[in-house]
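This briefing walks through side-chain features of the structure shown below, grouped by topic. Please read it alongside the sequence and the coordinates.

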Amino acid sequence: WERPMIERKTKPMEKEEFERTFKALCNTNYAEITESGNKIHHVLEETHIVLHESSTESTDDWRCYIEFVNNLIVQGLSASAMASLRFLVNQIDPVSIQRERRLRWFEIELDLNDSD
């Protein structure tokens, strides 16, 4: 999960192409997240059934376990968000761009007009 949710191609691309690529990558990443969530849910259900049948675990213990698993998931999602943010910062950092001899990711041009 600790990979950026965005990619950068080596060649410049038009805005529309970037949007298409980004949307496809987001859909793929969201599908992986959803699939992983479903797997976690399934494992938790199976574990709960086994523990409930053995009657060795109390409800409080089960709630603590669910909270533990939830914290792991939150940490994973946070790590994913941080990886994307680090990637973005690296892509727009002038020192990094120059050091790695990359093209600028985007360029902003302002035309100032005198309103008088």
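In this predicted model, a nonpolar surface patch of about 890 Å² is formed by Met82, Leu85, Leu88, Ile92, Phe106, Ile108, Leu110 and Leu112. One of these residues, Leu88, belongs to helix α2 and, with a relative accessibility of 34%, counts as partly exposed.

**Aromatic pairs**

- The model contains two aromatic pairs by the rule applied here, and one of them, made by Phe18 and Phe22, is stacked, with 6.0 Å from centre to centre and 10 degrees between the planes.
- The stacked arrangement follows from the angle, because planes under 30 degrees apart count as stacked, and those of Phe18 and Phe22 are 10 degrees apart.
- Both Phe18 and Phe22 sit in helix α1, which spans residues 15-54, and they are four residues apart, about one turn of the helix.
- Phe18 is partly exposed at 28% relative accessibility, and Phe22 is likewise classed as partly exposed, at 34%.
- The rings of Trp62 and Tyr65 have centres 5.6 Å apart and planes at 40 degrees, so this pair is tilted.
- Trp62 and Tyr65 are three residues apart in helix α2, which covers residues 59-92, and about one helical turn separates them.

**Salt bridge in helix α1**

- The count for the model comes to five salt bridges, and among them is the one in which the side chains of Glu19 and Lys15 meet, at 3.2 Å from N to O.
- Glu19 and Lys15 both lie in helix α1, where four residues, about one turn of the helix, separate them.
- The two partners fall into separate accessibility classes, as Glu19 is partly exposed at 40% relative accessibility, while Lys15 is exposed, with a relative accessible area of 54%.

**Salt-bridge network of Arg99, Glu100 and Arg102**

- Arg99, Glu100 and Arg102 are linked in a network of salt bridges, in which Glu100 pairs with Arg99, the closest N and O atoms being 3.7 Å apart, and also with Arg102, where the corresponding distance is 2.3 Å.
- Both distances qualify because a salt bridge requires the nitrogen to be within 4 Å of the carboxyl oxygen.
- Glu100 counts as partly exposed, at 39% relative accessibility, whereas Arg99 is exposed, with a relative accessible area of 56%.

**Surroundings of Ser96**

- Ser96 is part of helix α3, which runs over residues 94-99, and at 1% relative accessibility this serine counts as buried.
- The side chains of Ser96 and Arg102 are joined by a polar contact of 3.4 Å, and Arg102 also forms the salt bridge with Glu100 described above.
- When neighbours within four places in sequence are left aside, Ser96 is in contact with Asn90 and Arg102.

Key: Residues numbered from 1 in each chain as written. Predicted model: local features only at pLDDT ≥ 70, side-chain atom pairs only at ≥ 80, totals over all residues. Heavy atoms only, no water. Phe/Tyr/Trp six-rings, centres within 6.5 Å; stacked < 30°, edge-to-face > 60°. Helix = DSSP H or I, 4+ residues; strand = E, 2+ residues; numbered from the N terminus. Buried < 20%, exposed > 50% of the residue type's maximum accessible area, 1.4 Å probe, protein only. Patch = residues over 30% accessible without salt bridge, like charges linked within 9 Å, V, L, I, M, F, W, Y side chains within 5 Å. Areas by Shrake-Rupley, 256 points an atom, 1.4 Å probe, with all protein chains shown as cover. Polar contact = N/O pair within 3.5 Å; in protein donor to acceptor, adjacent residues only side chain to side chain. Contact = heavy atoms within 4.5 Å.
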